[in-house]
Amino acid sequence: MASLRDIKSKITSTKKTKQITKAMQMVSAAKLNKAQNKAQSFWPYTQKIRDVVMSIATGTEATHPMLETRKEIKKTAYLVITSDRGLCGAYNSGLLRHTMNTINERHNSQDEYGIIVIGKVGRDFFKKRNMPIYQEIVGVSDQPSYADIKNIAATTVDMFTDEVFDEVYLHYNHFVSAISQEITETKLLPLTDFDGSEKEAIGDTPTYEYEPNEEVILEQLLPHYAESLVYGALLDGKASEFGARMTAMSAATDNASDMIDQLNLRYNRARQAAITQEINEIVGGASALD
Amino acid sequence: MKTMQVNVVTPDGSVFEAEANMVSVRAAEGELGVLPGHIPLVTPLRIGPVRIKQDNLVHLVAVNGGFMEVRRDEVNILAESAELPTNIDVARARAAKERAQRRLDVAKQDNIDFRRAELALKRAINRLEVSGK
């Protein structure tokens, strides 16, 4: 049986761990709040661009290479958004497993796909498996600004335009609620959701004058739109990350509490046993004298 | 006096939201003034100041490209970045201006660095102009 001192030190260390996980949980909650606000303030921007692109795509004859599905898909890109740090439950592992499965299902050789990765965990994962990483970015701040990822987003769009890739998919954790994240795959490029099926949904879009003309505006707008989608996914992913971390840390705190309770029980039993033994010894010693 | 809702929106959030009498921007095809009741219009913008007139007040916003969407009683300006004069980091803009100028001196006319430096210079000049320093 462990000695009283051993149990005592175990209790102390578990208490300290609990304090840390508790603090991390609260920090994540605060960050989650901020991330949600950020995602909210970003939303109108994408929505507006989307409205305008939609009205051009559905209302006029103008078209653009970024809107058209290519006949032959030679190479597919996967933009995977992971976190830089661990301690967030299945946030990264679930997503990476999903990406691996998708790739194994769809492709036979490494020439058919490329990976663009955000976050240290994902980068290390793909690097270890010698997968073709085209771009990587690590150390994105917790409240990323548009400028932080502008580069990677713009390069991705350029790679699509230059026909390095014929399709680009986004893989990230979509934020459903603080305790639930959903692994999501969306097609970033080509932009195919403007085929008019949603035309009724927007309803009152006015017929615009285009200055100088539709083509020029699409030319400018579509890259912006695609880039902003990447940014949106990143914000969504960040919110999910904090949600996942909060849940993981709250579970860890609960487990630590349970463990402390059990250890306390063991400590008290051991103490009781020691006292009983001592009394026994005294009584035994006294009766030997009689 | 008639007014319209003017919004300046960036991916990092809204920069300006208010009722105003007139908006004047530097569009791709030249200077453009918008009054309430303007025909719906979409146009790309150049890097330059946007003037928003509100009664006797004139607000300046440094807008970095993007585009403008005009509706009957609403003007939306969407840009990757936009700043009010009070939010402009003058020292940083000055440094950026000098850096861009130095690059322009060394870079060749037709390479990417040249165009990038040119854009950076435009943004810096725009910011300095709007901040009034």
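Student: Which residues gather in a patch of positive charge on the surface?

Tutor: They are B:Arg92, B:Arg99, B:Arg102, B:Arg103 and B:Arg116. This is a predicted model, in which local features need pLDDT of at least 70 and side-chain atom pairs count only at pLDDT 80 or more, while totals for chains, interfaces and linings use all residues. Residues are numbered from 1 along each chain as its sequence is written, chains are lettered from A and ligands numbered from 1 in the order in which they are written, and side-chain values use heavy atoms, with hydrogens and water left out.

Student: What makes a group of residues a patch?

Tutor: Patch residues have over 30% relative accessible area and no salt bridge; like charges are joined within 9 Å, and nonpolar side chains (Val, Leu, Ile, Met, Phe, Trp, Tyr) within 5 Å. Lys and Arg count as positive. Helix 1 (residues 90-106) of chain B gives the largest share of the positive patch, 4 residues.

Student: Why is B:Arg103 called partly exposed?

Tutor: Buried means under 20% relative accessible area, exposed over 50%, and partly exposed in between (1.4 Å probe, protein chains only). B:Arg103, which is placed in helix 1 of chain B, has 46% relative accessibility and therefore counts as partly exposed.

Student: Which residues form a nonpolar patch on the surface?

Tutor: A:Ile275, A:Ile279 and A:Val283 do, with about 250 Å² of accessible area together. A:Ile275 lies in helix 6 (residues 214-289) of chain A; its relative accessibility is 37%, so A:Ile275 counts as partly exposed.

Student: Why does A:Leu87 count as exposed?

Tutor: A:Leu87 has 54% relative accessibility and therefore counts as exposed. This residue lies in the loop between strand 1 and helix 2 (91-106) of chain A. A:Leu87 also has a positive phi of about 55 degrees although it is not a glycine.

Student: How do you know that strand 2 of chain A is mostly covered?

Tutor: In strand 2 (residues 113-118) of chain A, 6 of its 6 residues are buried. A:Tyr113, A:Ile115 and A:Val117 are buried on one side, and A:Gly114, A:Ile116 and A:Ile118 on the other. In a regular strand the side chains alternate between the two faces of the sheet.

Student: What joins strand 1 of chain A to strand 2 of chain A?

Tutor: Strand 1 (residues 76-81) of chain A and strand 2 of chain A run parallel and are joined by 6 bridges. Two strands pair if DSSP finds at least two bridges between them, so these strands, with 6 bridges, count as paired. A:Thr76 stands opposite A:Tyr113.

Student: What makes the contact of B:Glu83 and B:Arg127 a salt bridge?

Tutor: A salt bridge is a side-chain nitrogen of Lys or Arg within 4 Å of a carboxyl oxygen of Asp or Glu. The N to O value for B:Glu83 and B:Arg127 is 2.6 Å, so the pair meets that definition. The pair links distant parts of the chain, 44 residues apart: B:Glu83 is in strand 10 (residues 81-83) of chain B, and B:Arg127 is in helix 2 (residues 112-131) of chain B.

Student: Is B:Glu83 buried or exposed?

Tutor: With a relative accessible area of 19%, B:Glu83 is therefore buried.

Terms used
Areas by Shrake-Rupley, 256 points an atom, 1.4 Å probe, with all protein chains shown as cover. Charge placed at Lys NZ, Arg CZ, Asp CG, Glu CD. Helix = DSSP H or I, 4+ residues; strand = E, 2+ residues; numbered from the N terminus.
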